[in-house]
Amino acid sequence: MHISVKDRNCLVVGASSGIGFEVASAYVSSGANVIIASSNSVKLDAALKQLQKSGGKGKLFSVPVDISSPHQIENLVKQAVEKLGSIEIYTNCVGISVSETIMNLEEDDWDRVMDVNLKAAYLLAKSVSRIMIEKKVRNGKILNISSIAGKIGEFGNGAYSVSKAGLNSLTQVLARELGPHGICAVSVCPGYTKTELLKEALATRAPLEGKTPEEYTAELAATVSLKRFAEPEEIADAILFLSSDHANYITGVTLTIDGGKTLL
C-alpha cells in the first residue's frame with residue numbers, strides 16, 4: 001500500500017516545530033502543495049528553509065499567523081486559497097499549556113489556553129470547511145492534533161486537558177455536520193511525544209508534584225507500555241495515512257497514539 005497525498009493542497013497550522021513540522025515534512029515529501037503557518041515567524045522561516053531542502057515537487061509557502069486573532073485566521077485561509085486555489089487537507093497542530101493546579105490557575109491563563117487550543121480550532125475549521133464546500137473539494141480532510149490529556153485529565157495541566165477534550169468533541173461535531181459534503185474530521189491524541197512543548201511542560205509541572213524534571217520524565221515514561229516517549233515522526237506517519245485516500249471512510253473518531261499509556 002503506497003500512502004501519498006501527491007498534488008493535494010494542504011494547510012498545516014502550528015508547523016514551525018514538533019509534530020506540526022513533521023506533518024508538513026511528510027506532506028512535502030509526498031509531493032503535496034503545502035502552506036505552513038505559525039505565530040513564531042523566526043521558527044517558521046527556519047522551518048520553510050529546511051522543508052525547501054527536502055526535495056518536494058509541490059508548491060511550498062509559509063504564512064505567519066496569530067491564531068488568537070479571528071481576522072488573521074480569515075486572512076490565513078484567504079492567502080491559502082490565493083496561493084493554492086483550494087484547501088483539501090487541513091491539519092491543526094496548535095497547542096499551548098499552563099502548568100498550574102485548577103485552584104491556583106489564573107483566569108487569564110485559562111482564557112489564553114482556551115482561545116488558542118479550542119476557539120481558534122473552531123474558527124479555523126469553520127473557515128476552512130466553508131472553502132472546502134465552496135470549492136467542491138473531493139474527500140476533504142480536517143485533522144486536529146489533540147492529546148491523551150483530553151481523555152485522562154492531567155494533574156497541573158487542567159486548562160490544556162479541558163481544551164483538548166473540547167477539541168475531541170468539536171471534531172465529532174464537524175464529522176457529523178460535514179459528512180454530507182464528503183469531508184472527514186478526525187482527532188489524533190498523541191501520548192508523551194518528544195517536542196519542545198512537552199519538555200517545557202514537564203519542567204514546569206515537575207515542581208507541582210515535588211519532583212525534578214528528570215525524575216518526573218522518568219516516572220512518566222515508566223507508565224507507558226512501551227517505556228518510551230514517541231518521536232514526532234511516528235505521529236506524523238499516522239497523520240499522513242489519515243490524510244490519504246486510504247482513509248476516506250474514517251471520520252468522527254479519536255485516534256490515540258500513546259504507546260499504551262492509557263491501557264495502564
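1. Which helices each supply at least two residues of the lining of the largest pocket? They are α1 (18-29), α5 (158-178) and α6 (196-205). Helices here are DSSP runs (H or I, at least four residues), numbered from the N terminus.

2. A word on the basis: this is a predicted model, in which local features need pLDDT of at least 70 and side-chain atom pairs count only at pLDDT 80 or more, while totals for chains, interfaces and linings use all residues. Residues are numbered from 1 along each chain as its sequence is written, and side-chain values use heavy atoms, with hydrogens and water left out.

3. Back to the pocket. On a 1 Å grid over the protein atoms alone, a pocket is an open set of points where a 1.4 Å probe fits, with protein on both sides within 12 Å along at least five of seven lines; lining residues have an atom within 4 Å of a point. The volume of the largest pocket is about 1000 Å³, taken as the space filled by probe spheres set on the points, which are joined across faces, edges and corners.

4. The lining of that pocket has 43 residues, and C93, V94, G95, I96 and L197 lie nearest the centre. Helix α6 gives the largest share, 7 residues. By class, the lining has 17 nonpolar, 19 polar and 7 charged residues; Ala, Val, Leu, Ile, Met, Phe, Trp, Tyr, Cys and Pro count as nonpolar, Asp, Glu, Lys and Arg as charged, and the others, Gly among them, as polar.

5. Next, α5 and its partner. Helix α4 (residues 107-134) packs on α5 at about 15 degrees, with the axes 9 Å apart; axes are lines fitted to C-alpha atoms over the stretch in contact, and angles run from 0 to 180 degrees between N-to-C directions. The pair is therefore roughly parallel, a label for angles under 35 degrees. Contact (heavy atoms within 4.5 Å) involves residues including W110, M114 and Y122 of α4 and Y160, K164 and L167 of α5. The contact residues divide into 15 nonpolar, 4 polar and 1 charged.

6. On to α3 (residues 70-84), whose axis comes within 10 Å of that of α4, crossing at roughly 30 degrees. Among the residues in this contact are I73, E74 and V77 of α3 and L123, S127 and I131 of α4. Its classes are 10 nonpolar, 1 polar and 1 charged.

7. Finally, α6 meets helix α7 (residues 213-222) at about 115 degrees, with axes 8 Å apart. That makes the two roughly perpendicular, a label for 65 to 115 degrees. L202, A203 and R205 of α6 touch P213, Y216, T217 and L220 of α7, giving 5 nonpolar, 1 polar and 1 charged residues.

Definitions and conventions. Parallel < 35°, antiparallel > 145°, perpendicular 65-115°, else oblique.
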